[in-house]
Amino acid sequence: MLRLGILGLGTVGSGVVKILEKNAENIKNKVGTEVKIKKILVNNLEKERDIEINRDLLTNKVEDIIDNPEIDIVVELIGGEQPAYDYIIRSIENGKSIVTANKLVIAKYGKRIFRKADENNVQVCYEGSVAGGLPIIRPLQNSLAANRIEKIYGILNGTTNYILTDMSKNQKDFDESLKNAQKLGFAEADPSSDIDGHDAAYKITILSSLAFERFVDVRDVYVEGIREIKSADLEIAHEMGYVIKLLAIAKNGLDGVDIRVHPAFVPEDHPISMINGTYNCVYLHGDAVGQVMSTARGAGQMPTGSAVTADIIQVAKDINHDQREVQRMESFLESNVTDIDKIENSFYLRFEVKDKPGVLSHITKIFGDNNVSLASVLQKQKNNPIVPLVFITHHVKEKNLKKSLAKIKELDDVIEINSVIRVEDDI
């Protein structure tokens, strides 16, 4: 028999317990031996829970799990940076393999954790840390191992994808769609990590490090959220044949990794544009396989619980057959992250300007002086002295666009620069 210690009995932890109990016989057949829960760490032993659980399994002392010689696998599901990181390291040092869904810890400390695991001849599995029920970590390690992965595009946060979908389909503003997401349980009471792009940044950091075999520091990832997306931008995007998605992007270059998270115009006929609601997707390009796309629900009790339980089965099988999956981390390179100012992109720009002769020519001159080439200009007429101007640029270096916008802001006839959104035409 193999014994588990589970740290945390929240949403995902409860899902894992349900799956382990419901599919116990199936899991035993896959592993070759019984897999049983020995202890579960909780904060409050008396709390009423939405699952039936043997109270003897519960403990509020972490030592009952990480220092328990009878426990073979520690399943970390408490989330956050600390004490999760310390618990993982202490468990590894005690010879226990780890299964975790903690994207923050893996993104920030993956290199240390994997090397510590190698030193102690144990495994670390983390499929649940990226995109919930969408299988991507193990495919990158195994099914796609023959490929040099060149680029990854992902919708990696179900909360923001739901909000943008709701805004677009139901003509709502951001605040209204956010409140709706919170009401339905798709957004946290404090949604900052999701809507400001940090959650997606942790996930694309994990994917890029694994796919490109280069360690990336999550602090170097350019991150921009969706707070400033307006319903007008979604409407104009649709008129122009685009949708707006919060994209996580990683491209493997000779001089480093181009890795970033930001809203982007995506052509309506691209498969990514059709991923709506709380669904996530990963779209990647390998030199041998070509384009590959996977999609599934990106979060929730059972989708993430499914990924975590699959990792438990894999680790249990390896322990039972006395073979540890090699982490292969020692060969990974330290990687530079390309500075955002050096990256070239097309842009969508929306201004409010005074409806006067010469305004457009002043703006276009500033663009020209700063090597910003325009692909299209649209003036949407209104019956007032202020009109919106919409531009789509050709590919331009970010630093040149920033110089242009700084100069344009100084023009008396420019009331406001409403929106600056990247256009991803070459996915």
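Arginine 138 and aspartate 311 are both buried, where buried means under 20% relative accessible area, exposed means over 50%, and partly exposed lies in between (1.4 Å probe, protein chains only). The side chains of these residues, arginine 138 and aspartate 311, meet in a salt bridge with an N to O distance of 3.1 Å; a salt bridge is a side-chain nitrogen of Lys or Arg within 4 Å of a carboxyl oxygen of Asp or Glu. The pair links distant parts of the chain, since arginine 138 belongs to helix 6 and aspartate 311 to helix 12 (residues 301-320), 173 residues apart. Helices (H or I, at least four residues) and strands (E, at least two) are DSSP runs, numbered from the N terminus. The structure is a predicted model, in which local features need pLDDT of at least 70 and side-chain atom pairs count only at pLDDT 80 or more, while totals for chains, interfaces and linings use all residues. Residues are numbered from 1 along each chain as its sequence is written, and side-chain values use heavy atoms, with hydrogens and water left out.

By the salt-bridge rule, the count comes to 20. One of these joins arginine 90 to aspartate 67, with 3.9 Å from N to O.

Because aspartate 341 lies in the loop between strand 14 (333-334) and strand 15 (344-354) and lysine 402 in helix 14, the pair ties together parts that are 61 residues apart in sequence. Aspartate 341 is partly exposed at 26% relative accessibility, and lysine 402 is partly exposed at 42%. Salt bridges that share partners also join Lys103, Asp199 and Lys203 into one network.

Helix 14 (residues 398-409) also contains lysine 403. With a relative accessibility of 48%, lysine 403 counts as partly exposed. On the surface, Lys342, Lys397, Lys399 and Lys403 gather in a patch of positive charge. Patches are made of residues with over 30% relative accessible area and no salt bridge, with like charges joined within 9 Å and nonpolar side chains (Val, Leu, Ile, Met, Phe, Trp, Tyr) within 5 Å. Lys and Arg count as positive and Asp and Glu as negative, whereas His and the chain ends are not counted.

A search of the whole structure finds seven aromatic pairs. Rings of Phe, Tyr and Trp (its six-membered ring) pair if their centres lie within 6.5 Å; planes under 30 degrees apart count as stacked, over 60 as edge-to-face and the rest as tilted. Phenylalanine 114 and tyrosine 126 form a tilted pair, with 5.3 Å from centre to centre and 40 degrees between the planes. This pair links distant parts of the chain, 12 residues apart: phenylalanine 114 is in helix 5 (residues 103-119) and tyrosine 126 in the loop between strand 6 (124-125) and helix 6 (137-141). Both phenylalanine 114 and tyrosine 126 are buried.

The pair of tyrosine 242 and phenylalanine 265 is tilted because the ring centres are 5.4 Å apart and the planes stand at 50 degrees. Tyrosine 242 lies in strand 10 (residues 242-253) and phenylalanine 265 in strand 11 (residues 256-267), so the pair ties together parts that are 23 residues apart in sequence. Tyrosine 242 is buried, with a relative accessible area of 13%, and phenylalanine 265 is buried with a value of 0%. Ring pairs link Tyr242, Phe265 and Tyr348 into a cluster.

Several features concern the backbone. The peptide bond from glutamine 82 to proline 83 is cis, with omega near 10 degrees, and proline 83 is found in the loop between strand 4 and helix 4. Asparagine 121 has phi near 55 degrees, a positive value in a residue other than glycine. Asparagine 121 is placed in the loop between helix 5 and strand 6 and is exposed, with a relative accessible area of 55%. For asparagine 371, phi is near 60 degrees, again a positive value in a residue other than glycine. Asparagine 371 occupies the loop between helix 13 (359-369) and strand 16 (374-379), and counts as exposed at 60% relative accessibility.

How values were computed: Areas by Shrake-Rupley, 256 points an atom, 1.4 Å probe, with all protein chains shown as cover. Charge placed at Lys NZ, Arg CZ, Asp CG, Glu CD.
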